[in-house]
Structures are given as C-alpha cells and as structure tokens.
Amino acid sequence: LTFLTTFMFGTYYSFVLSRWHERFNCINDCTAMCTRVTYYAACWIGPYDKPLAARLMRLTNLMMHMHHMKTFGPLDEGRWGVMMHRGLVTAPEKNSLQKLRKAGTEVCFWCQSIVEEARQAGRITGDQAYQLNAYIAHVQALSYNQPRYRETGMPFSLFHMLSMLIVLLLLVLMYASSPPA
C-alpha cells in the first residue's frame with residue numbers, strides 16, 4: 001500500500017510539474033522567436049528601411065502581448081490602454097482590431113505583409129523572407145497557446161486526489177512505523 005500510494009503521489013506530482021514546465025517552455029520559446037524576428041528585422045531590413053523594420057518589430061511584439069494578456073481574460077479597455085502606453089498599438093489599429101474575433105491572426109497577417117513588402121522591394125532575399133515568416137508564425141502559434149493553458153488548468157478532482165493520497169501516505173507510514181502489538 002505504501003508503494004502504491006507513493007507511486008500514485010509521484011505520478012500526479014510529475015504530471016503537475018510537467019504541465020507547468022511545458023507552459024514555462026512555451027513562454028520562453030515564444031519570447032525567443034519574437035527576439036529572432038526583432039534581431040533579423042534590424043539586421044536585414046533595418047539598414048535599408050528603419051521605419052519598416054521598426055513596424056515589423058512593434059507588430060510582432062503586439063501579437064505576443066495580445067495573446068499573453070488574454071490569459072487574464074478578454075482584451076478590455078484597460079489592457080488595450082497598456083498596449084497603447086507601451087507603444088505597441090496605435091489608435092487606428094486598436095479600433096480595427098477590437099472589431100475582430102481573432103485579432104492576433106490579423107496582426108500576424110500584417111507582419112507577414114511587411115516581410116513580403118521588404119522581399120518585393122529587394123531589401124531581403126526569398127530565403128530571408130521565408131525564415132522571418134517562419135519565426136512570425138511560431139510567435140503566433142506559441143503565444144496563442146497561453147490563453148489555452150489558463151482555460152485547461154488542473155481539474156479540481158486532481159487536487160482532491162492529491163490531498164487524499166497525502167493523507168493515505170501519512171496513515172500508511174504511521175502504521176508501518178508503529179511498534180508491533
């Protein structure tokens with residue numbers, strides 16, 4: 001019984017830890033991809049067209065921020081205000097995005113349009129455009145996962161089971177350590 005209780009407790013505990021480890025890695029990977037877009041936009045597009053590179057950087061960060069802020073609920077005026085204060089979104093963009101159900105997808109499209117514009121103008125090669133678009137798509141996909149992690153949290157029954165396993169383990173250990181009668 002001690003082994004079974006310890007095994008179940010360990011399995012549950014590793015499940016919880018792996019779930020939060022996965023979420024933490026997703027956040028880190030998303031930030032890394034956003035940093036790559038920023039870096040390559042500055043290196044490849046920046047020398048030829050600084051405003052275009054800056055717009056791509058801003059919109060990529062906006063896309064990431066929008067999804068991360070949705071972790072705490074829908075984007076309300078307060079959250080839009082934070083993004084406007086940080087310089088991530090302009091008033092016309094905000095008005096346009098608020099009307100959409102999936103505003104992050106629209107921002108992703110804007111980012112990829114900037115990359116295509118730079119490619120057509122000869123500022124970046126086709127391979128560079130492909131790589132930038134891949135990083136932008138990764139930012140979109142990874143940041144889109146953040147609200148999903150909140151919506152699919154740990155079920156209460158698992159916490160209840162953990163409490164019961166701890167009590168059972170303590171009872172078994174107390175019994176095993178008691179002197180024979």
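The legends below describe close-up views of a predicted model.

Local features are given where pLDDT is at least 70 and side-chain atom pairs count only at pLDDT 80 or more, whereas totals for chains, interfaces and linings use all residues. Residues are numbered from 1 along each chain as its sequence is written, and side-chain values use heavy atoms, with hydrogens and water left out.

**View 1. Helices H2 and H3 pack against each other.** Helix H2 covers residues 50–69 and helix H3 covers residues 77–85, where helices are DSSP runs of H or I with at least four residues, numbered from the N terminus. Their axes lie 11 Å apart and meet at an angle of about 155°; axes are lines fitted to C-alpha atoms over the stretch in contact, and angles run from 0 to 180 degrees between N-to-C directions. That makes H2 roughly antiparallel to H3, a term for angles over 145 degrees. H2 passes H3 in a right-handed crossing, in which the near helix is turned clockwise from the far one by less than a right angle.

**View 2. Residues of H2 meet residues of H3.** Leu62, His65, Met66 and Met69 from H2 are in contact with Arg79, Trp80, Val82 and Met83 from H3, contact meaning heavy atoms within 4.5 Å. By class, this contact has six nonpolar, one polar and one charged residues, with Ala, Val, Leu, Ile, Met, Phe, Trp, Tyr, Cys and Pro counted as nonpolar, Asp, Glu, Lys and Arg as charged, and the others, Gly among them, as polar.

**View 3. Threonine 60 is a buried residue of helix H2.** Its relative accessible area is 0%, and buried means under 20% (1.4 Å probe, protein chains only). Leaving aside residues up to four places away in sequence, threonine 60 touches Cys34, Val37, Cys111, Ile136 and Val139.

**View 4. Ring pairs link Tyr39, Tyr40, Trp44 and Tyr135 into a cluster.** Rings of Phe, Tyr and Trp (its six-membered ring) pair if their centres lie within 6.5 Å, and planes under 30 degrees apart count as stacked; by this rule there are three aromatic pairs. Tyrosine 40 and tryptophan 44 form a stacked pair, 4.4 Å centre to centre with 20° between the planes, and these two residues, four apart in helix H1 (residues 2–45), are separated by about one helical turn. Tyrosine 40 is also stacked with tyrosine 135, their ring centres being 5.8 Å apart and their planes at 10°. Because tyrosine 40 lies in H1 and tyrosine 135 in helix H6 (residues 126–151), this pair ties together parts that are 95 residues apart in sequence. Tryptophan 44 is buried at 17% relative accessible area, and tyrosine 135 is buried at 13%.

Methods:
Parallel < 35°, antiparallel > 145°, perpendicular 65-115°, else oblique. Buried < 20%, exposed > 50% of the residue type's maximum accessible area, 1.4 Å probe, protein only. Phe/Tyr/Trp six-rings, centres within 6.5 Å; stacked < 30°, edge-to-face > 60°.
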